[in-house]
Amino acid sequence: MSQIKTLLDQVNRITAIVIAAVAASLLAYFRSEASAGIKWLFHPLARRLPWNQTPPRDAVKLSSEMTVANIFLTTADGRSATYEKTGDYVVNAGPLNSYYEGVTASGAVSGFSTELGVIVQTTTEHGFVVSRIDLGSVFEVGTRFRNVFRVQLEDCFIAEEEHWTQEIAVPTKHLTLRIHFPSGRPPKLVRSKTVVGLAHKQLGHGAAITELFGQPAIVWEIDNPKLGDIYKLEWRW
């Protein structure tokens with residue numbers, strides 16, 4: 001009986017060791033999975049925290065006196081549109097021979113063009129399609145220039161409720177957002193929001209439905225937006 005008892009004690013000890021090892025492995029696994037899940041869930045918020053932010057690549061070298069972003073909806077079904085951004089820039093740190101423009105959209109983007117210089121490279125970075133524009137000359141500190149950057153948008157505004165977001169990647173004194181609608185399909189409602197991480201804050205003042213050049217439009221004038229701020233226009237039509 002003593003031998004059987006000794007054998008059973010050894011089996012129990014081995015079983016306990018195996019169970020403890022399996023439990024430790026499972027705990028480590030679930031901790032790792034939970035950590036990965038938490039990081040994924042809160043990444044959009046975490047990247048907005050001050051200690052995790054890095055200045056956009058042009059934020060130090062450029063600033064803008066005025067930035068105007070236009071969306072021209074060229075078909076009533078919203079499938080075809082043009083994004084046009086006009087910037088009046090000042091070189092803050094030189095020499096500067098190129099800079100970047102970016103756009104993000106839910107559909108297809110193509111037909112990138114620039115009035116000043118030449119687009120030498122277009123890549124996708126963190127959901128943005130980013131174009132590097134070679135200015136064709138070297139601009140020293142204090143140089144001022146204007147450029148118009150255009151992109152063709154396909155299948156981006158096909159729902160009954162749509163939106164457009166604009167991020168401040170270069171310091172600007174004033175931002176104007178305009179959405180130009182076809183005559184046969186004007187906007188019925190508009191909401192103005194700011195986006196911080198996962199949160200959307202609706203503003204009591206902001207964009208207004210109006211008319212530009214005989215066509216229905218939404219216009220939002222924003223004074224002194226902060227670098228990194230994201231502005232969102234939502235509308236129903």
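This is a predicted model: local features need pLDDT of at least 70, side-chain atom pairs count only at pLDDT 80 or more; totals for chains, interfaces and linings use all residues.
Now widen the selection to residues 189-196, which make up strand β10. Its pairing with β11 is antiparallel and runs over 4 bridges. What holds paired strands together in general? Strands of a sheet pair through backbone hydrogen bonds, in either a parallel or an antiparallel way.

Next, bring in the rest of the sheet. In which order do the strands sit? Reading across, you get β8-β14-β10-β11. That's 4 strands in an open sheet, with antiparallel pairing. Colour residues 161-167 (β8) and 199-202 (β11) to pick out the edges. Each of these two has a single partner strand, so one of its sides has no neighbour in the sheet. Turn the view and look for the twist, which averages 30° from one strand to the next.

Time for another stop: select residues 96-103, strand β3, and find glutamate 101 in it. Is glutamate 101 buried or exposed? Its relative accessibility is 2%, and buried means under 20%, so glutamate 101 counts as buried.

Show side chains here. The glutamate 101 side chain makes a polar contact with the side chain of tyrosine 89, at 2.8 Å. Another polar contact links the side chains of glutamate 101 and tyrosine 99, at 2.9 Å.

Notes: Residues are numbered from 1 along each chain as its sequence is written. Side-chain values use heavy atoms; hydrogens and water are left out. Two strands pair if DSSP finds at least two bridges between them. Axes are lines fitted to C-alpha atoms, for helices over the stretch in contact, and angles run from 0 to 180 degrees between N-to-C directions. Buried means under 20% relative accessible area, exposed over 50%, partly exposed in between (1.4 Å probe, protein chains only). A polar contact is a pair of N or O atoms within 3.5 Å; within protein, one must be able to donate a hydrogen and the other to accept it, and residues adjacent in sequence count only if both atoms are side-chain atoms.
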